[in-house]
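Welcome, and please take a moment to look over the sequence and the fold below. We will then walk through the chain together, from its overall layout to a few local details.

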Amino acid sequence: MRLLLISDTHLPARARALPEQVWAEVDAADVVVHAGDWVEVALLDELEVRSKRLIGVYGNNDGPALRARLPEIARADLDGVRLAVIHETGAKQGREQRCDALFPDTDVLVFGHSHIPWDTTTPAGMRLLNPGSPTDRRRQPFCTYQTARVENGELTGVELHELPRRG
């Protein structure tokens, strides 16, 4: 099972559209995960149409229309991998311990908010992933997203992808 992880798209405030490279990943993915801050409902509509399966949550910049359609926390079992998605996990200091306490029955937690890519494992063995943002790099050198696979009940092949700078 191929996963695409994105967050903090902020459309159309930070970009007019998702980069074509990300749309190609949407088309190739079995599951698309969006960890919030969509900003406009149009992207949710388009991802629902183009994704084989979409798992998403709302973020702090998402208004009532998105909050009406998306949960604050999403959970799914992906062939034995217990996935949770939330927009914000708080400060990086103490994140692993905090997430272990808040998500005890989770194998992989995908989050966003900071626009900073993150990939760590907590003391309890939970994988924490933040794909960064494919449209707003903030203080990062590149806009980013992540891909991964679920194989035999395990998350494998997590890869951070850097997007070319927009001209």
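## Overall layout

In what order do the elements of the chain run from the N terminus on? The answer is β-α-β-α-β-α-β-β-α-β-β-β-β-β. Please keep in mind that this is a predicted model. In total the chain holds four helices and 10 strands. Its radius of gyration is 15 Å, close to the 15 Å that the globule rule gives for 167 residues, so the chain is as compact as a globular protein of that length.

Along the principal axes, the C-alpha atoms of the chain fill a box of roughly 40 × 35 × 30 Å. Of the 167 residues, 48% are buried. If you take contacts between residues at least 6 apart in sequence, 54% of them join residues at least 24 apart.

## The annotated domain

UniProt lists residues 1-152 as "domain: Calcineurin-like phosphoesterase", in an unreviewed entry. In the model, this span is 22% helix and 28% strand, and its end C-alpha atoms lie 10 Å apart.

Which residues of helix α2 are buried? Within this helix, which covers residues 41-50, they are Leu43, Leu44 and Leu47. As a reminder, an α-helix has 3.6 residues a turn, so residues three or four places apart point the same way.

The buried residues of α2 pack against several partners: the strands β1 (2-6), β2 (31-34) and β3 (54-56), and the helices α1 (20-28) and α3 (64-69). On the other side of α2 you will find Ala42 and Val49, both exposed.

Now turn to helix α4, residues 95-102, where Arg95, Glu96, Cys99 and Asp100 are buried. Why do they share one side of α4? They cover an arc of only 130° around the axis, which puts them on the same side of the helix. The face turned away from that buried side carries Ala101 and Leu102, which are exposed.

The buried residues of α4 pack against β6 (108-110), β7 (118-121) and β8 (127-130). Arg95 also takes part in a charge–ring arrangement: its charged end sits over the ring of Trp118, 4.4 Å from the ring's centre.

## Rings and charges

How many aromatic pairs does a search of the whole structure find? It finds zero.

## Backbone details worth a look

The loop between β1 and α1 deserves a visit, as it contains both His10 and Pro12. Leu11 and Pro12 are joined by a cis peptide bond, with omega about 0°. His10 has a phi near 50°, a positive value in a residue other than glycine. Is His10 buried or exposed? With a relative accessibility of 7%, His10 counts as buried.

Another histidine to inspect is His113, in the loop between β6 and β7. His113 is not a glycine, yet it has a positive phi of about 80°. Its relative accessible area is 26%, so His113 is partly exposed.

Key. Residues numbered from 1 in each chain as written. Predicted model: local features only at pLDDT ≥ 70, side-chain atom pairs only at ≥ 80, totals over all residues. Heavy atoms only, no water. Buried < 20%, exposed > 50% of the residue type's maximum accessible area, 1.4 Å probe, protein only. Helix = DSSP H or I, 4+ residues; strand = E, 2+ residues; numbered from the N terminus. Arc of directions from axis to C-beta. Contact = heavy atoms within 4.5 Å. UniProt positions renumbered as here; feature names shortened; annotations may be inferred. Phe/Tyr/Trp six-rings, centres within 6.5 Å; stacked < 30°, edge-to-face > 60°. Lys NZ or Arg CZ within 6 Å of the ring centre and 35° of its normal. Rg over C-alpha atoms; globule rule 2.2 N^0.38 Å.
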